[in-house]
Amino acid sequence: QLQASGGGLVQPGGSLRLSCAVSGGSFMRNYMGWFRQAPEREREFVAAIRWNAGGSFYADSVKGRFTISKNNALNTVFLQMNSLKPEDTAIYFCATTRSIYYSSPTYYSTWGQGTQVTVSS
């Protein structure tokens, strides 16, 4: 199971830190990723991190503002979001995949429940 937390309401330019805790037994994972979905829009890739070998990847829209990191001992992935914009408003989901295709939600098999991020003044 994946449990996402840390969402909330923040003003433009503000910051939030999302967490995704993995529990309920071990399973193979290649990447852990963050996706987001705004109302009436498709789920889109935000960031991914390779669990064992390191390496992180970002959507162009968040590059330079968001940072994905992990703590293997805690089985937790984080998404530090800085310089937030109203267009970052969405439900944010964490997920895990064995695939090498880290940017497509189709290849992710296990999903958390999502946490709402709202950027508004």
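Q: In this predicted model, is Thr97 buried or exposed?

A: Buried means under 20% relative accessible area, and Thr97 counts as buried because its relative accessibility is 1%. Thr97 is found in strand S9.

Q: What does the side chain of Thr97 reach, and which residues is Thr97 in contact with?

A: The side chain of Thr97 comes to 2.6 Å from the backbone oxygen of Tyr107. When neighbours within four places in sequence are left aside, the residues in contact with Thr97 are Arg29, Asn30, Tyr31, Tyr107 and Tyr108.

Q: How many residues does the largest nonpolar core have, and which element gives the most to this core?

A: In soluble globular proteins, nonpolar side chains tend to be buried together. Here the largest nonpolar core has 33 residues, and those with the most contacts inside it are Met32, Trp34, Val46, Phe66, Leu79, Met81 and Tyr92. The elements giving two or more residues to this core include strand S1 (2-5), strand S4 (31-37), strand S7 (66-71) and strand S9 (90-97), while S5 gives the most, with five residues.

Q: Which residues does Val46 touch, not counting residues up to four places away in sequence?

A: With those residues not counted, Val46 touches Trp34, Phe35, Arg36, Phe57, Tyr58, Ala59, Val62, Phe66, Leu79 and Tyr92.

Q: How many salt bridges does the structure hold, and which residues are linked in a network of salt bridges?

A: Side chains of opposite charge can pair when their charged atoms come close. The structure holds four salt bridges, and a network of salt bridges links Arg36, Glu44, Arg65 and Asp88. Within it, Arg36 forms a salt bridge with Glu44, where the closest N and O atoms are 2.6 Å apart; Arg36 is buried, with a relative accessible area of 6%, whereas Glu44 is partly exposed, with a relative accessible area of 29%.

Q: Where do Asp88 and Arg36 lie, and what does the pair tie together?

A: The side chains of Asp88 and Arg36 meet in a salt bridge at 2.9 Å, N to O. Asp88 lies in the loop between S8 and S9 and Arg36 in strand S4, so this pair ties together parts that are 52 residues apart in sequence.

Q: With which residue does Asp88 form a salt bridge whose closest N and O atoms are 2.7 Å apart?

A: That residue is Arg65, and the pair links distant parts of the chain, with Asp88 in the loop between S8 and S9 and Arg65, 23 residues apart from it, in the loop between strand S6 (56-58) and S7. Both Asp88 and Arg65 are buried, and the relative accessible area of Asp88 is 0%.

Technical notes: Residues numbered from 1 in each chain as written. Predicted model: local features only at pLDDT ≥ 70, side-chain atom pairs only at ≥ 80, totals over all residues. Heavy atoms only, no water. Core = buried A, V, L, I, M, F, W, Y, C linked by side-chain atoms within 4.5 Å. Buried < 20%, exposed > 50% of the residue type's maximum accessible area, 1.4 Å probe, protein only. Helix = DSSP H or I, 4+ residues; strand = E, 2+ residues; numbered from the N terminus. Contact = heavy atoms within 4.5 Å. Polar contact = N/O pair within 3.5 Å; in protein donor to acceptor, adjacent residues only side chain to side chain.
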